[in-house]
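Reader: I am new to protein models. Please take me closely through one part of this one.

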Amino acid sequence: MPGELIDFGDFVRTSLPGLLRYGHALAGNPHDAADLVQTVLEKIGSRWSYVQHKTGDPMAYVRRSMANAHISRWRRTKRENLVADLPDTQPYSPADPFEHEPLWQALRALPPRQRAVMVLRYYEGLSEAEIADSLGVSQGTVKSQASKAIASLRTKLALIEPKDEGREAG
């Protein structure tokens, strides 16, 4: 797709499944992922000709925009949730099918930038250079964030492993 001039509608139709997967991995659930994708595509749609002509790779631009929007939303929400009193009732939220998957829990616990690097590398299969372009950071930052994320995931998953072995032996 880089270098080609395509209609925004065609871009959305061909890219939407991958963007939703990327958004799901970033946000942690499909509903927030859909909101994230919609928000970013609304902003980009009005500037589509600029994005196509000036960025060189619209998909990388959209991914970077999604990562930045997710981090901004996460920071805003983090500040908004600091309250003195908790509400008495919990709102209903449907069960996440990955809720009890150790790897998914460990991935969700990563900071947003590390999670974005891991998702782009191992879920979307992008190279370090492509990830750096998508997130607007250097390749060294991609490497260090990936290294920190992998170390964190190993630590978290190692703590879970002995519990699983005990069940199999018993």
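How many helices and how many strands does the protein have? And at roughly what angle do the axes of helix α1 and helix α6 cross?

Author: This model is predicted; local features need pLDDT of at least 70, side-chain atom pairs pLDDT 80 or more, while totals for chains, interfaces and linings use all residues. Numbering starts from 1 along each chain as its sequence is written, and side-chain values use heavy atoms, without hydrogens or water.

The protein has eight helices and zero strands (DSSP runs, numbered from the N terminus: H or I of at least four residues for helices, E of at least two for strands). From the N terminus, the order is α-α-α-α-α-α-α-α. Of its 170 residues, 34% are buried (under 20% relative accessible area, with a 1.4 Å probe and protein chains only). Take the contacts between residues at least 6 apart in sequence: 66% of them join residues at least 24 apart (contact means heavy atoms within 4.5 Å).

Now to α6, residues 112-123. Start with its packing against α1, residues 8-27. The two axes come within 9 Å and cross at roughly 140° (lines fitted to C-alpha atoms over the stretch in contact, with angles from 0 to 180 degrees between N-to-C directions). On the α1 side, the contact uses Arg21, Tyr22, Ala25, Leu26 and Ala27. On the α6 side, it uses Arg115, Ala116, Val119, Leu120 and Tyr123.

Helix α6 also meets α7. Their axes come within 10 Å and cross at roughly 135°. These two helices are therefore oblique as well. From α6 come Ala116, Val117, Leu120 and Arg121. From α7 come Ile131, Ser134 and Leu135.

Look next at α7 itself, residues 128-135. Its buried residues are Ile131, Ala132, Ser134 and Leu135. After α7 comes Gly136, with a positive phi near 70°.

Finally, return to α6 for one side chain. Gln114 is found in this helix. Its relative accessibility is 10%, so Gln114 counts as buried. Leave aside its neighbours within four places in sequence. Gln114 then contacts Gln145, Lys148 and Ala149.

Terms used:
Buried < 20%, exposed > 50% of the residue type's maximum accessible area, 1.4 Å probe, protein only. Parallel < 35°, antiparallel > 145°, perpendicular 65-115°, else oblique.
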